[in-house]
Amino acid sequence: MRLHSAKVPELALQIVRALTAEGDIECESPKDVQLDVEAVLNQYIRDEQEVTERAKDLMASRGLPQTEFARIRRMVADERQLKLGDEAVDYLLDQLIETLMYSDHVNEVYAEDVELRRKMREPLRRHAASEQDLVQEVRARLKHVQEGTAVWEVEYRRIMEDIRRRKGL
């Protein structure tokens, strides 16, 4: 799952609404709880960027081909105990539950962890699904380019930015 900082406030708002709508959490200021959720999501984005940069540095220092990037990135993430891809949702849910339990802005948590996870998972899944649709569209346009090459990386970024701009993302 890939998070984008522009989508974090909207995603955090959806999560807080899902929790407060049926009284799973009690808070005086949902906006403050939303800021707590945003902090968790933004920290994940920063951690993911650091992992990516470290993986790029390792590849450059070892002279590895671009095809090894995913493996090196996963190795760096494992060292930092950061989950990527499909495991990211569960990792984020764990972080969010911990934040809710210790937040000064949440007065009371009435629901069990399982119920909290279920309600917070849905907005995260919707976000992940929309991101996956974008990736599939970009890959469909890049069928003529070999994945893992420098040309592929440049074209992938260019096409992804173009699609996001056209869709207002």
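1. Helix H3 is followed by glutamine 81, whose phi is positive, near 55 degrees; helices (H or I, at least four residues) and strands (E, at least two) are taken here as DSSP runs, numbered from the N terminus. Glutamine 81 has this positive phi although it is not a glycine, and it is found in the loop between H3 and H4. Most residues other than glycine have a negative phi. Glutamine 81 is exposed, with a relative accessible area of 63%, where exposed means over 50%, buried under 20% and partly exposed in between (1.4 Å probe, protein chains only).

2. This is a predicted model, in which local features need pLDDT of at least 70 and side-chain atom pairs count only at pLDDT 80 or more, whereas totals for chains, interfaces and linings use all residues. Residues are numbered from 1 along each chain as its sequence is written, and side-chain values use heavy atoms, with hydrogens and water left out.

3. Within H3 (residues 69–79), the buried residues are Phe69, Ile72, Arg73, Val76 and Ala77. They cover an arc of only 135 degrees around the axis, which puts them on the same side of H3; the arc is that of the directions from the helix axis to the C-beta atoms. Ala70 and Glu79, on the other side of H3, are exposed. The buried residues of H3 pack against H2, contact meaning heavy atoms within 4.5 Å.

4. In helix H1, the buried residues are Val8, Leu11, Ala12, Ile15, Val16 and Leu19. Seen down the axis of H1, these buried residues fall within an arc of 130 degrees, so they line one face of the helix, while Arg17 and Ala21 are exposed on the other side. The partners against which the buried residues of H1 pack are strand E1 (25–27) and helices H2 (30–62), H4 (88–102) and H5 (113–141). Just after H1, glycine 23 takes a positive phi of about 75 degrees.

5. The largest pocket is lined by 38 residues, of which Arg2, Glu48, Phe69, Arg73 and Tyr156 lie nearest its centre. The elements that give two or more residues to this lining are H2, H3, H5 and helix H6 (150–167). On a 1 Å grid over the protein atoms alone, a pocket is an open set of points where a 1.4 Å probe fits, with protein on both sides within 12 Å along at least five of seven lines, and lining residues have an atom within 4 Å of a point.
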